[in-house]
Number of protein chains: 2
Amino acid sequence: MSSPRVISDLLNAFRERRPIRGRSLIITLFGDAISQHGGSVWLGSLIDSLAPFGLSERLVRTSSYRLLQENWLTSRQVGRRSYYSLSETGLRQYQRAARRIYAASRPRWDGQWILVLPSFLVDEEREALRRQLRWEGYAALSTGVLGHPGGQRHALDETLQELGVADKVVVMNAHTEDAASQSALRELAKDCWKIDGLEERYRSFLATFRPVLQAVERTKSLPPEQCFQVRTLAIHEYRRILLNDTDLPQELLPGEWAGNAARNLVSNLYRATFAGAEDYLESHMVTAEGPLPPVDQGFFDRFGGLQKKT
Amino acid sequence: MSSPRVISDLLNAFRERRPIRGRSLIITLFGDAISQHGGSVWLGSLIDSLAPFGLSERLVRTSSYRLLQENWLTSRQVGRRSYYSLSETGLRQYQRAARRIYAASRPRWDGQWILVLPSFLVDEEREALRRQLRWEGYAALSTGVLGHPGGQRHALDETLQELGVADKVVVMNAHTEDAASQSALRELAKDCWKIDGLEERYRSFLATFRPVLQAVERTKSLPPEQCFQVRTLAIHEYRRILLNDTDLPQELLPGEWAGNAARNLVSNLYRATFAGAEDYLESHMVTAEGPLPPVDQGFFDRFGGLQKKT
């Protein structure tokens, strides 16, 4: 049976995108699928399964090699074949991302902010701190204040230690009490965290994948390979947006936040395709010891619990 | 009996100071003494009692007149004589100052800060807010943050309303949890609140009045007029320093804070001279209805409780 037009369009659009970010798609595949099946796979399986996404054999080989060098992957040689797994670092990064990607809902916020005042830093130190903390979700609320709603104190302390500035900054736990401040903060968050640009990306994601979900639901039994492709692309695109989403609490986001709709869409797409995708993975991918082992039981907790469609 | 040399030196030094700030000394006299004796006094009594401080009759008249215009004082004419009292505004200002001047000890601090982020203010508004809040004890902790340890939220809200910026700033309650931040804040406070300059003023106060207390204690019975003069000058100088002291909590001040020693000194000077000064006030100052009425009972609560020396 042939794939619905909207799904082949999706793959075509991905293939035509330049530059082709091979490494990023390989990371998605390891995180979303292979990590749940023992964690290791033959390079040849990667090459076969990624060809329809427009990744040439050469690109998969060079991308995997660079991921090895960057310590995202490790490899093992058995006979003439190479087998790849997530490295310890890669696994930790994946687990950190997975908590957000497969979350059932936005975490509750207790209204607390962490503020960092880089009081005694020289310019270079301040800039390095600002860069690193922005990566961890902080934004400059004002010239001399970095803030994060619901930030984790433990993670911050680690960062300050690493940068050697723990005793040169003031860290405060803060909260607002009045409605005026809350609404000013909401306005502020819009600028500081570039909410408009993020919302645009979520809207574009929705526009692309809404018709895909409709097509998947219309199609009685979508072939396993297409299930795998839809699931992989949906998670890939969603994951890429999350990298730029600092997970602001709902209280600081616009009403009807597109990110919520996107989470709902990706979770429904996942439910609709994961079983077919699993069939594909188990029948097409191999390890040094034969086909992939069965999926981890933890897999079924994704998005608050996956239920097989009957 | 003649006044000890150190006390006449004290008065001489005051007399020689230029410019002579007549209004300020009159405010001290009303706040410290007359407010406690019905609140009203004949202009002639002011002139007589302030002459030894180097205030000419003309200066007392013009100063009192300007205080009337500035709404610190009100006046009442009975026959050919003028009687002055603190205005309602003046009384409120005095009461606010008195809580600090006659405090037995530094108030306890709960570790809380109030932070104000002037996020959406244009330059003039930000400058006006910064000026007003500095007056209320706030300092810029960093370019975009005004902060006050133990600030009063109620007072801040009033100020924000008055300046019409309540919905354009973010107000946060904040506290630090780690020792490193506390020590950085202590360093910061030193700069932000110009602690060194303040300490210098307290040390100079101590150097001037320590020998005065010794002289008072050596002198078996200091004449009432000298008691009045010592008490008035000590409170006057101390009050002037407090105007520039934002009452930072002990935790943010240097150890052995000179302000604590100054409070102890002024309170001991007060205990040693108040009874004599009261004799002077009751025998030399008159109202439209005769001598000053007896002192308010609340007077004896000053400095945690005055006890008559026996």
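**Close-up 1. B:W193 is a buried tryptophan.** In this predicted model, B:W193 has 8% relative accessibility, so this residue counts as buried, the cut-off being under 20%. B:W113 comes in at 1% relative accessibility and therefore counts as buried too.

**Close-up 2. Two rings meet edge-to-face in chain A.** Welcome to one of the 30 aromatic pairs that a search of the whole structure finds over all chains. Because the planes of A:Y202 and A:W257 stand at 80°, with ring centres 5.7 Å apart, the pair is edge-to-face. Distant parts of the chain are linked here: A:Y202 belongs to helix α9 (residues 195-218), while A:W257 sits in the loop between α10 (224-242) and α11 (258-284), 55 residues apart. Both A:Y202 and A:W257 are buried.

**Close-up 3. B:W113 and B:W193 form a tilted pair.** Back to the two tryptophans of the opening view: their rings lie 6.1 Å centre to centre, with 50° between the planes. B:W113 is in strand β4 (residues 113-117) of chain B, and B:W193 is in the loop between α8 (179-192) and α9 (195-218) of chain B.

**Close-up 4. An aromatic cluster in chain A has an arginine over one of its rings.** The cluster is made up of A:Y102, A:Y270, A:F274, A:F299, A:F300 and A:F303. Take a look at A:Y102: A:R302 lies over its face, at 3.8 Å from the ring centre.

**Close-up 5. A:R81 lies over the face of A:W42.** Here the distance to the ring centre is 3.6 Å.

Definitions and conventions
Residues are numbered from 1 along each chain as its sequence is written. Chains are lettered from A and ligands numbered from 1 in the order in which they are written. This is a predicted model: local features need pLDDT of at least 70, side-chain atom pairs count only at pLDDT 80 or more; totals for chains, interfaces and linings use all residues. Side-chain values use heavy atoms; hydrogens and water are left out. Rings of Phe, Tyr and Trp (its six-membered ring) pair if their centres lie within 6.5 Å; planes under 30 degrees apart count as stacked, over 60 as edge-to-face and the rest as tilted. Helices (H or I, at least four residues) and strands (E, at least two) are DSSP runs, numbered from the N terminus. Buried means under 20% relative accessible area, exposed over 50%, partly exposed in between (1.4 Å probe, protein chains only). A charge sits over a ring if NZ of Lys or CZ of Arg is within 6 Å of the ring centre and within 35 degrees of the ring normal.
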